[in-house]
Amino acid sequence: MASRGLGLQRRIYWAMLALHPRRFRTEYRAQMLQLFTDQLRYSPSRPRVWLSALKDLALSVSSQRLEESMRSNFIVALGGATLATVGLVGVVAGRPSGGLGALAASIGLILVAVVGTAFLLRRSADQPSALGIEGGGMESRSVVGLLKWTAVPVAGLGLVFAFFGLAWGSAVHGGVAVGLLAVSALIWRGFGGSR
Amino acid sequence: MTRGRHEEAVGDFLPLPNATFHILLALRKGEKHGYAIMGEVDRLSEGRVRLGPGTLYGAIKRLLADGLIEESDERPDPTLDDERRRYYRVTAIGERVCAAEVDRLRSLLSRAVGRRPSLGET
């Protein structure tokens with residue numbers, strides 16, 4: 001009877017673990033269930049185990065969903081920066097030859113990259129985190145650490161401008177290059193790259 | 001040069017979050033599975049830090065990603081254990097980070113105690 005009760009509680013907890021993001025669930029769902037089962041087996045008070053499990057679940061679902069969302073934002077930002085870089089290279093490289101079609105396509109690409117990235121990031125920011133609860137002091141060092149790498153495409157873009165600025169003796173391109181490199185340094189520092 | 005870079009890497013992890021520090025301390029006593037880590041953290045903190053399954057595996061996920069712990073294939077006693085359990089152990093860098101956190105806390109504590117008025121005085 002006791003083991004039947006345990007089986008039911010395990011199934012309920014297993015179902016509740018589905019609230020975690022898929023990546024985390026795939027890796028740790030079975031382990032978390034095993035741990036919860038051990039707690040139920042060895043704790044003198046099952047209601048207390050459940051109370052603590054519910055609190056823990058609310059915190060961990062929220063925290064893992066937040067991390068997952070930051071990871072997605074990073075990928076969106078990286079994709080947008082790459083597209084914008086390709087577009088800018090097209091504008092800068094296409095200018096001397098004067099190909100109007102190529103220039104328009106490059107500007108279009110930049111616009112799509114900027115507007116698309118802004119739209120996707122905005123939509124993601126508007127979504128509330130799971131259960132509307134903060135991570136409860138759990139750190140997300142790995143994900144925040146990933147954001148510093150957005151500095152790399154920005155710096156790459158700065159170097160492209162620097163190259164053309166030097167090649168054409170253009171102060172405008174040089175100024176843009178300095179600005180982009182400064183922004184890149186700020187991103188790197190801001191996300192812990194030189195701590 | 002290499003040593004300096006390693007020290008810088010260790011410093012990047014500090015200060016350690018409470019749960020992370022306790023997990024590292026628990027694993028310094030030997031490889032453990034989730035429930036054993038939870039029990040050891042409870043003992044170490046005299047019941048002040050209680051890790052639930054989600055908090056524990058969230059912290060383990062990050063510790064693995066940061067290379068501070070690793071999964072172990074060995075079982076302390078395979079006949080007494082469920083083979084589905086995963087065991088974890090501290091890596092060399094994890095040991096250094098843990099030691100650095102202890103030094104940081106020790107130094108903070110000595111500064112706090114040495115200040116006037118003494119803590120607890122009104």
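Predicted model: local features only at pLDDT ≥ 70, side-chain atom pairs only at ≥ 80, totals over all residues.
Chain A has seven helices and zero strands. Read from the N terminus, its elements therefore follow the order α-α-α-α-α-α-α. The chain has 195 residues, and 37% of them count as buried. Chain A exposes about 11100 Å², with carbon and sulfur atoms supplying 69% of that area. The contacts within the chain can also be described by separation in sequence: among those between residues at least 6 apart, 69% join residues at least 24 apart.

Arg11(A) lies in helix H1, which spans residues 2-16 of chain A. With a relative accessibility of 57%, Arg11(A) counts as exposed, because the cut-off for that class is over 50%. Arg11(A) and Leu33(A) are separated by 22 residues in sequence, and their C-alpha atoms are 9.1 Å apart in space.

The interface with chain B comes next. Here 24 residues of chain A are in contact with 29 residues of chain B. Between them, chain A and chain B bury about 2400 Å², and 48% of this area is on carbon and sulfur atoms. Across this interface there are four salt bridges, and eight residue pairs are in polar contact, both residues of each pair being at pLDDT 80 or more. On the side of chain A that touches chain B, helix H2 (22-42), H3 and helix H5 (141-147) each supply at least two residues. H2(A) gives the most, with 11 residues. By class, the residues on this side of chain A divide into eight nonpolar, seven polar and nine charged.

Which residues of chain B form salt bridges with Glu67(A)? One of them is Lys61(B), whose closest N atom is 3.1 Å from an O atom of Glu67(A). This pair crosses between chains: Lys61(B) belongs to helix H4 (residues 53-65) of chain B, and Glu67(A) belongs to helix H3 (residues 46-94) of chain A. Both Lys61(B) and Glu67(A) are buried. Glu67(A) also forms a salt bridge with Arg62(B), and there the closest N and O atoms are 2.7 Å apart. Because Glu67(A) lies in helix H3 of chain A and Arg62(B) in helix H4 of chain B, this pair likewise joins two chains. Arg62(B) is buried, as is Glu67(A). In general, side chains of opposite charge can pair when their charged atoms come close.

Over all chains, a search of the whole structure finds 15 of them. One lies within chain B, where the side chains of Glu101(B) and Arg104(B) meet at 2.9 Å, N to O. Both residues are in helix H5 (residues 92-114) of chain B, three residues apart, which is about one turn of the helix. Elsewhere, Glu27(A), Glu71(B) and Arg86(B) are joined into one network by salt bridges that share partners.

Most residues other than glycine have a negative phi, and most peptide bonds are trans. Against that background, where does chain B contain a cis peptide bond? Such a bond joins Leu14(B) and Pro15(B), with an omega of about -5 degrees. Pro15(B) is located in the loop between helix H1 (2-12) and helix H2 (18-27) of chain B.

Glu46(B) is found in the loop between helix H3 (34-44) and H4 of chain B. Its relative accessible area is 64%, so Glu46(B) is exposed.

Definitions and conventions. Residues numbered from 1 in each chain as written. Chains lettered and ligands numbered in written order. Heavy atoms only, no water. Helix = DSSP H or I, 4+ residues; strand = E, 2+ residues; numbered from the N terminus. Buried < 20%, exposed > 50% of the residue type's maximum accessible area, 1.4 Å probe, protein only. Contact = heavy atoms within 4.5 Å. Buried area = accessible area lost by both parts, 1.4 Å probe. Polar contact = N/O pair within 3.5 Å; in protein donor to acceptor, adjacent residues only side chain to side chain. Nonpolar A, V, L, I, M, F, W, Y, C, P; charged D, E, K, R; others polar. Areas by Shrake-Rupley, 256 points an atom, 1.4 Å probe, with all protein chains shown as cover.
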